[in-house]
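Please keep the sequence and the structure in view while reading.

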Amino acid sequence: MIEYNSILSKSVQSLAPSGIRKFFDILEEMTDAISLGIGEPDFVTPWHIRDAGIKSLEKGFTKYTGNAGLSQLRDEVAKYLSRRFNLEYNYKNQVIITVGGSEAIDLAMRAIVNPGDEVIIPVPSFVCYGPIATLAGGTPVFIETKAENEFRLTEDELRAAITPQTKVLILPYPCNPTGAVMRKEDLEAVAKLLRGTNIMVIADEIYAELTYGQKHVSIASIPDMYERTVYVGGFSKSHAMTGWRMGYACGPEEIIVQMLKIHQYAVMSSPTTSQYAAITAMRDGDEDVQKMRTEYDKRRKFLLTGLRDIGLECFEPQGAFYMFPSIQSTGLSSSDFCEKFLLSEKVAVIPGSAFGQGGEGFVRICYASSMENIGIALERMEKFVKSL
């Protein structure tokens, strides 16, 4: 009998399963439930982007690309970031195409972090940062952001978390699950603390195109931050391309070349068909993004009004496509609320506790769903809350 506990990686065994998975497992048993849980656009990838992928197959472009990705795509990514966010990268040595934004985060972490280094992670935030830091040998240090600050990372919170062992700050804004954004003045405060240190920033800005009432500002555009920032972006959220698994990372050449070595050994290259589709997304997709953003904004306002009418306290999120209302008034934990709501009313939302410290007492509701589904879900939530 093999003792698998003695064989398996201790680091991997120490990781807790994702708190989101449980609710998806329950949801799979329900054919008539409404899901406002998964963070995925309900839009289909725009046709002209799909067509570019199809034509690449018809032309027989089915072989490996260069490890860093097609030069045409890296060039278009660089042009897009310059056009949209005033970021200038040399596509030849500062851009790498990855299998989704998640691989870009993993590559950056493994290229920078040594065993014992501390990785500062504002929470609530996406579930991957802590586990990836652990697998890289780092020590996650969580900063619990506050609802009264609209879940933005403050200068005082960051100052208190920095130690001589700090190597990386994860900056995940616009934020999943809260919808929080960092304004330019917030980023300048972060920059002031990091100047003169060797602390690097991994900026997960995959929701950069999805801001409402204000234009996204990248930490890499703040003076002295460019040379210490790895910018992570992708196509999943902005261009409705989740299944294509396309992401990218940009940063100083000295770091990108190390990330590329890991990518070479672990992945080889990103999917060829997806890369050809992504070229069209970068080159001709701005109008698609605008249309989807406008629709998300309508849903955002509708959902916020509905939640407040029910009596659930919720700040107005300015980014991504999530709402993060407090359910503390119900007396239920986040997990109990979501499980009871799903089983009784057949609507799936995600407990805030799944996203780290500070998430308890909140739930994440994704409004990347139809207005009709959001309306039905609000009716059922009102019924559920009243029953409590």
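1. Basis of the description. This is a predicted model, in which local features need pLDDT of at least 70 and side-chain atom pairs count only at pLDDT 80 or more, while totals for chains, interfaces and linings use all residues. Residues are numbered from 1 along each chain as its sequence is written, and side-chain values use heavy atoms, with hydrogens and water left out.

2. The largest pocket. The largest pocket holds about 950 Å³ of space. A pocket here is an open set of points on a 1 Å grid over the protein atoms alone, where a 1.4 Å probe fits, with protein on both sides within 12 Å along at least five of seven lines. Grid points are joined across faces, edges and corners, and the volume is the space filled by probe spheres set on the points.

3. Lining of the pocket. Lining residues have an atom within 4 Å of a point. There are 46 of them in the largest pocket, and Ser18, Ile20, Phe126, Val127 and Cys128 lie nearest its centre. Two or more lining residues come from each of α3 (21-28), α6 (100-112), β3 (118-123), α7 (129-135) and β4 (139-144); α7 gives the most, with 4 residues. These elements are DSSP runs numbered from the N terminus: helices are H or I of at least four residues, and strands are E of at least two.

4. Aromatic pairs. The count comes to 18 aromatic pairs. Rings of Phe, Tyr and Trp (its six-membered ring) pair if their centres lie within 6.5 Å; planes under 30 degrees apart are stacked, over 60 edge-to-face and the rest tilted. The pair Phe151 and Phe315 is tilted, because the ring centres are 5.7 Å apart and the planes stand at 50°. Phe151 lies in the loop between β4 and α8 (155-161), and Phe315 in the loop between α12 (286-310) and β9 (322-323), so the pair ties together parts that are 164 residues apart in sequence. Phe151 is buried at 2% relative accessible area, and Phe315 is buried at 14%. Buried means under 20% relative accessible area, exposed over 50%, and partly exposed in between (1.4 Å probe, protein chains only).

5. The rings of Tyr231 and Tyr248 are stacked, because their centres are 6.4 Å apart and their planes lie at 15°. Tyr231 is in strand β7 (residues 229-234) and Tyr248 in strand β8 (residues 247-250), 17 residues apart. Both Tyr231 and Tyr248 are buried. Elsewhere, ring pairs link Phe43, Tyr207, Tyr296, Phe321 and Tyr322 into a cluster.

6. Helix α6. Of the 13 residues of α6, 10 are buried, so this helix is largely enclosed by the rest of the structure. Among the buried residues are Glu103 and Asp106, together with Ile105, Leu107 and Met109. The end C-alpha atoms of α6 are 19 Å apart, which agrees with the 18 Å that its 13 residues should span at 1.5 Å a residue. The expected span is 1.5 Å times one less than the number of residues.

7. Backbone features. Val123 and Pro124 are joined by a cis peptide bond, with omega near 0°; Pro124 is found in the loop between β3 and α7. Another cis peptide bond joins Tyr173 to Pro174, with omega about -5°, and Pro174 lies in the loop between β5 (166-171) and α9 (184-194). Phe151, a residue other than glycine, has a positive phi near 60°. Ala240, also not a glycine, has a positive phi of about 55°. Ala240 is found in the loop between β7 and β8 and is buried, with a relative accessible area of 6%.

8. Separations along the chain. Ser335, in helix α13 (residues 334-345), is partly exposed at 23% relative accessibility. Ser335 and Pro41 are 294 residues apart in sequence and 24 Å apart in space, C-alpha to C-alpha. Glu3, in the segment before α1 (4-7), is exposed at 53%.
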